[in-house]
Amino acid sequence: MTSTARSGTRPARRVDLGRPFRWLWASTAASNAGDGVTRTLLPLLVVTHHPDPAAVAGLTAVNMLPWLLFALPAGVLVDRVDRRRIVLGSNLVRAAALLGAALVLADDRPLALLYALAFLLGIAETLADTAAPAMLPRLVDERHLERANGRLMAAQIVLNETAGPPVAGLLVGVTAAAALATGGVLYALAALLLFGLAPLVRPGREAAPGGAGGGVLRDIREGLGFVLGDRTLRLTLAASALYGLVFSATFSMLVLLSDRTLGLSETGYGLLLAAGSLGAVAGSWLAPRAAARVPTVRLARWSLVASGAAYAALGLGRHPVLAALALAANGVFMMGWNIPVMSLRQRLTPEDLQGRVMSVSRLCSWGTMPVGATLGGLLAEALSVPAVFVVCGAVLATGALLLLAPLREDHSAPGGWLAHTEPPAPRTPSPSTDRPPSDPPPHHDPLDKG
C-alpha cells in the first residue's frame, strides 16, 4: 500500500470505502434512528404515567447500568464470536422487545415493565456498540479508518441525536404503540441490512475451552493488560475518561444555563442543542481530512484543548448567539478528538483483542458520566452554573496537555499515525489477525482526502 503521490495533491475522486462498509453504514443508520426514537420515547412514557423526577432518573440509570455491569464481558464475547452475528442478534432482540412492548404497554404502563424494557435495550446496545466498531478494521482499508468512523458518527448524530427525538415526540402524539412499533421496525431493518455482510465477514475465534467463568476472567485480564501495557492506549483512555466527566458535568447543567443565564425558552434550548449537533456533523467531515495532514496525536491533543476552551467560552458568554457558536465549535472539536483516537485504537489493537479494547474504551468514556453529572450539580451549588463550564473547560484543556504530553508522533511512520514513548511489548500473532502486529503501518496516502 505504498503511494507515490506527493503531499498536497488534491484527490481526483471521492474515496469508495467498499460495499461491506456500505452495508454496515446502512445498518448502523437504521439502528441509530431506532436509538433516537426509543431514548426519547421511554422517558415520555414514564412521565405520562409516573410524573416523578426520581422515576425518570431511575429509567436513565437502569438503561445505562448494563454498560457498568456487562461492558467487559461483552468485549470478551465480541472477541470470541462472529461480530456480525452479535450486532444482528442485538438488533433482533431490540426489535422483538419493542414490538412486544407495543402490544403489552399500549394502555397500561407499569413502571417495572418500562424499567425491564430499558434494561433489556441497554444490554443489547452494550453488545451492539462494542461489536460494530470492532468489525470496522476488517471491512475498511486501514488508511481509511478516519473516514469510515467519521461517516458512522455523522449518521449517529443526525439520526440518533437530531432527527430521532422530534420524530419520537410526533409519534407519541399519535399513539404510544405506534412509537414503540416504529422503533421495533427500525431495529428489524438494521438486522436485515446486516445480511449483506454474511459472505464478507469471517467468524471470530470460538469460545475458549474450559470453565466459562475462568475463561471470561482470563480474557478480561488479557484485554486490560494489553491496554495498560500500551502507553498510547493507556493515556488516551485516561483522557477519554476525563472527557466523559467534563461532558456529563456540563451537559447536565446546559438546560439551566439556557434558562437562567441566557434567558431562552424551550425552543431556544432546542436550537442550542441543534447548533452543537450541526457542529459535530461538520466535525465528522473535517476530522478525517485534518487527520490526512496532521499527525494523529497532535490533532487529538489540540482538539481536546480547543474543546476545553469552547466550554469555557460557553460559561463566560452571556449572549445566545455566542453560546450557539461555542456549542457548534465544541461539536467540531469533539469529532476532532473522537474520530482520530477511535481510529488510532483500532490500528494499535490486534484483531483478536478489538472487542475487549473497545469495551474498555466505552467503560472509560461512559462509566464516568454519572460521576460527572453529580460533580456538575455540586459545583453549580458551590459556585454557579456558568462556573461549571469555565472550571470544566479549564480542567479539560489542562488535563489534555498533561495526559497527552508524554506521547510524541512517530515521524518515522508515514503520516505520523502511531505514537509511543516506549517500544510496544511484543505481541503474539493470532490466526485471526490479518497481518502481524510487527508490520509497519501502511503508507498514509495524501490522495486519500476525498
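Q: Which side chain does Arg83 meet in a salt bridge, and at what N to O distance?
A: The partner is Glu351, at 2.5 Å, N to O. Keep in mind that this is a predicted model.

Q: Where do Arg83 and Glu351 sit in the chain?
A: Arg83 is in helix 3 (residues 83-104), and Glu351 is in the loop between helix 11 and helix 12. The pair links distant parts of the chain, 268 residues apart.

Q: Are Arg83 and Glu351 buried or exposed?
A: Arg83 is buried, and so is Glu351.

Q: How many salt bridges does the structure hold?
A: The structure holds 13.

Q: Which residues are linked in a network of salt bridges?
A: The network links Asp79, Arg83, Arg138, Glu222, Glu351 and Arg356. Within the pair Arg356 and Glu222, the closest N and O atoms are 3.0 Å apart. Arg356 lies in helix 12 and Glu222 in helix 7 (residues 212-229), so this bridge ties together parts 134 residues apart in sequence.

Q: What does Arg347 form a salt bridge with?
A: With Glu142; the closest N and O atoms are 3.9 Å apart. Arg347 belongs to helix 11 and Glu142 to the loop between helix 4 (111-139) and helix 5 (145-174), so parts 205 residues apart in sequence are tied together. Both residues are buried.

Q: Change of topic. How many helices and strands are there in the protein?
A: There are 14 helices and 0 strands. Buried residues account for 52% of the 450 residues.

Q: What share of the contacts join residues at least 24 apart?
A: The share is 86%, counted among contacts between residues at least 6 apart in sequence.

Q: OK, the largest nonpolar core. Which residues touch the most other members?
A: Leu254, Leu304, Leu314, Trp337, Phe389 and Leu396, out of 34 residues in that core. Helices 8 (231-261), 9 (266-291), 10 (296-316), 11 (320-348) and 14 (385-404) each supply at least two residues. Helix 8 gives the largest share, 9 residues.

Q: What is Leu396 in contact with, leaving aside neighbours within four places in sequence?
A: Its contacts are Leu242, Tyr243, Val246, Leu304, Ser307, Gly308 and Tyr311. Apart from this core lies another one of 28 residues, including Ala131, Ala134, Leu136 and Ala148.

Q: How many aromatic pairs does a search of the whole structure find?
A: The search finds 3. In one of these, the ring centres of Trp67 and Trp366 are 4.5 Å apart and the planes are at 70 degrees, so the pair is edge-to-face. Trp67 is in helix 2 and Trp366 in helix 12 (residues 354-367), so the pair joins parts 299 residues apart in sequence. Trp67 and Trp366 are both buried.

Q: And the surface: which residues form a nonpolar patch?
A: Leu65, Leu68, Leu69 and Phe70 do, with about 340 Å² of accessible area together. Leu65 is found in helix 2 (residues 53-80) and counts as partly exposed, at 35% relative accessibility.

Q: What does the accessible surface of the protein come to?
A: About 19,300 Å², with 68% belonging to carbon and sulfur atoms.

Key. Residues numbered from 1 in each chain as written. Predicted model: local features only at pLDDT ≥ 70, side-chain atom pairs only at ≥ 80, totals over all residues. Heavy atoms only, no water. Core = buried A, V, L, I, M, F, W, Y, C linked by side-chain atoms within 4.5 Å. Buried < 20%, exposed > 50% of the residue type's maximum accessible area, 1.4 Å probe, protein only. Helix = DSSP H or I, 4+ residues; strand = E, 2+ residues; numbered from the N terminus. Contact = heavy atoms within 4.5 Å. Patch = residues over 30% accessible without salt bridge, like charges linked within 9 Å, V, L, I, M, F, W, Y side chains within 5 Å. Areas by Shrake-Rupley, 256 points an atom, 1.4 Å probe, with all protein chains shown as cover. Salt bridge = Lys/Arg side-chain N within 4 Å of Asp/Glu carboxyl O. Phe/Tyr/Trp six-rings, centres within 6.5 Å; stacked < 30°, edge-to-face > 60°.
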